[in-house]
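The sequence and structure come first.

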Amino acid sequence: MKHVLAVLVENKPGVLTRVAGLFSRRGFNIENIAVGETVTPGISRMTITVEGSDTIVEQVAKQLHKLVNVIRVSNLSSEPSVMRELMLIKVNAEPGSRSDIQQIVETFRGKVIDVSPDSMVIEVTGHDEKLEAIKLLLVDFGIREIVRTGKVALLRGPKVTRES
Amino acid sequence: MKKKAARGSAMIMSALEKEGVEIIFGFPGGAVLPLYNQLYDASIKHILVRHEQAAVHAADGYARVTGKPGVVFATSGPGATNLVTGIANAYMDSVPLVLITGQVASRAIGTDAFQEADITGITLPITKHNYLVKQVEDLPGILSEAFYIASTGRRGPVLIDVPKDVFDQEAPFHYDRNCDIAGYKPTYEGHAGQISRAVKAIRDARQPVFFGGGGLIRSGASQVLGEFAEEAQIPVILTLMGLGAYPGDGRLFLGMPGMHGSVTANYALSEADLIIAAGVRFDDRVTGKLESFASSARIIHIDIDPAEIGKNVQIDIPIVGDVKLVLEALKKKLRPGHTSKWWKKITAWQNRHPLPGWANSPEGSLKPQFVIKELSRLCEEERIVATDVGQHQMWAAQHFVVREPNTFITSGGLGTMGYGFPAAVGAKLAAPDKRVVCISGDGGFQMNIQELATAVYNQIDIIIAVINNGYLGMVRQWQDIFFDKRYACTALKCNPDFVRVAEAYGAKGLRAETEKEATGAIEKALAEKGPVLIDFVVEPEENVYPMVAPNQPINEIIVGGDQK
């Protein structure tokens, strides 16, 4: 099963290496990871998606917590939460196929953010399944390049993942 | 309060003084020179080793005896990389160390400068935490954090890498030992609800065992363990790292578990209905095949490191906390145990399989086990034994009677050959009034043989017992049992004359080839001052028994020795 962990860390040099190194040396797999600032200066938030049983993910969380620069680890998969990922797709777009592509993009509530004589860049945000679905529809036009941010997530409702 | 300005190197020396550091183990070099220049005027003693690895092992031995962090200085590049094995060793056995390495100057970092190595990167997986000091303003905070992290919670090594120019830069200096680190808050008190559940489980148990490890030693839990075991009439089993937490000749002691543990300890763990595991990490050398380990027991696991709980073995009642505090809490609620039926069973095992003996030696030859027993018999009560790694280590664990905590100094987790001798030097410096014996092998001793110079120069009173069988004995034993006696590369065919090596360094050297000579040599060595090496030339192909083959159930034990 996939688990999404929210990891609050001190924004210090090498902290990403410490986290990534821990995963590789303990034999855990990172599916994806997204890092950014939080509302508190000096604290960053990593959202890490891990594949594994509950026992393995519990061990991952405990090992992460042992790192001195890690302040808080919480498993967002065990509570109701909202999750999003952003994907940019560069797709072949001859003048004749543009309107077809446009229609697909609208259905998925995406955006066309760049157009050239024979290509388009599309921005889509959502869950895994949604991103996979649009990818599948665009394959026939010829996908040139894809980039994804990795998942980010927040708990539903007023509750927050705090530093302490 | 107005903060006075100080240079980086002065900040370090001042911090060490405030932390009560008495001895630094180290080796100078280019990048760390400004710090050594500061040391020149300081009151703290410095022990100059002959290889940086020995500095870490000696600081490690010192830390295990005193419970205080051992301190190491080394230079950048090769100086720092030579520390690596020692750091990994301390990390595996949770030994508090603070290591300060010089680094190339800030502006040269990342340019592959002369003697540059990314030591914070290299030691990332083997330190509890590490720091590269970017600016001198950060140094006071880093120093106090390093000592705090190394010596609290689950102990461990912390490394501080200091660029050469940072030693010379000035900044306001105020040293505050109180630090508050957002991501580091060890739990000491056990959860009250879990303690109640544990008490009930102990009350309900018919066949309980206490199974303790290095955590007992680090937390100073020996006394409470003794009272706890006595009250509950629970048999005590200690891992290699736990030896000394309960007297080795104590009434309730069953010995060591696992690969070379006692038959009784392994049977008791296998048939127990409750295991109280305290400060242990269920290492594969202890559990054997995990699926069949303690299959009929409920397990209470007390540990200060939450990540140890459930790592290898499923736990029924986890208690995160300091082992000593948790045992004290448990003891308060304990009632006298009714375990006499269980003890009958245990006594029967003990009678059938007494602690391993060995076959009678052929005419004249010397058995390694005899040497260990004689050392144990003849050395004073106030004593510390430091071992290297291999057969002699297991024989020492079996036959050298360890009665006090912090007196059995050995490399448990990493199994580092070369550890024993420098660790013994550190141990003697930590406890000048105790008899210190280093039990080593002819293989391991040669891995840090150069420290004879350190021991002689500092007039360290230690007995170095080299159990010389002319082989890398433990590896040979595995080749004997699992590789059809194909002794590939395990015979040490060109061993030096250890007596003459000792003499060349200015130490005393003795040799013993028979039981009588062995006893005589030990008695003679005990009367000497300074380091004395005894070359015990022993039976070359003696094996360590009992033995559980790797990844086998621990009750499937090869008894061996004279009980074949």
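## A covered strand

In this predicted model, strand S12 of chain B spans residues 274-278 and is mostly covered. Five of its five residues are buried.

Side chains in a regular strand alternate between the two faces of the sheet. In S12(B), both faces are covered. One side carries Leu274(B), Ile276(B) and Ala278(B). The other carries Ile275(B) and Ala277(B).

## Strand partners

S12(B) pairs with strand S9 of chain B, residues 208-212. The two run parallel and are joined by five bridges. Phe211(B) stands opposite Ala277(B) of S12(B).

Strand S13 of chain B, residues 298-303, is also joined to S12(B) by five bridges. This pair runs parallel too. Here Ile275(B) stands opposite Ile299(B) of S13(B).

## Domains of chain B

The domain assignment divides chain B into domain 1 (4-173), domain 2 (192-352) and domain 3 (368-545). Taken over C-alpha atoms, the centres of domain 1 and domain 3 of chain B are 30 Å apart.

## Contact between domains 1 and 3

Domain 1 of chain B gives 25 residues to this contact, and domain 3 of chain B gives 26 residues. On the domain 1 side, the elements giving two or more residues are strand S2 (23-26), strand S3 (45-48), helix H3 (52-66) and helix H5 (84-92) of chain B. H3(B) gives the most, with eleven residues.

What is the make-up of the domain 1 side that touches domain 3 of chain B? Its residues divide into twelve nonpolar, nine polar and four charged.

Methods:
Residues numbered from 1 in each chain as written. Chains lettered and ligands numbered in written order. Predicted model: local features only at pLDDT ≥ 70, side-chain atom pairs only at ≥ 80, totals over all residues. Domains from an automatic or database assignment. Contact = placed C-beta atoms within 7 Å. Helix = DSSP H or I, 4+ residues; strand = E, 2+ residues; numbered from the N terminus. Nonpolar A, V, L, I, M, F, W, Y, C, P; charged D, E, K, R; others polar. Buried ≥ 20, exposed ≤ 12 C-beta atoms within 10 Å, placed from the backbone. Pairing = 2+ DSSP bridges.
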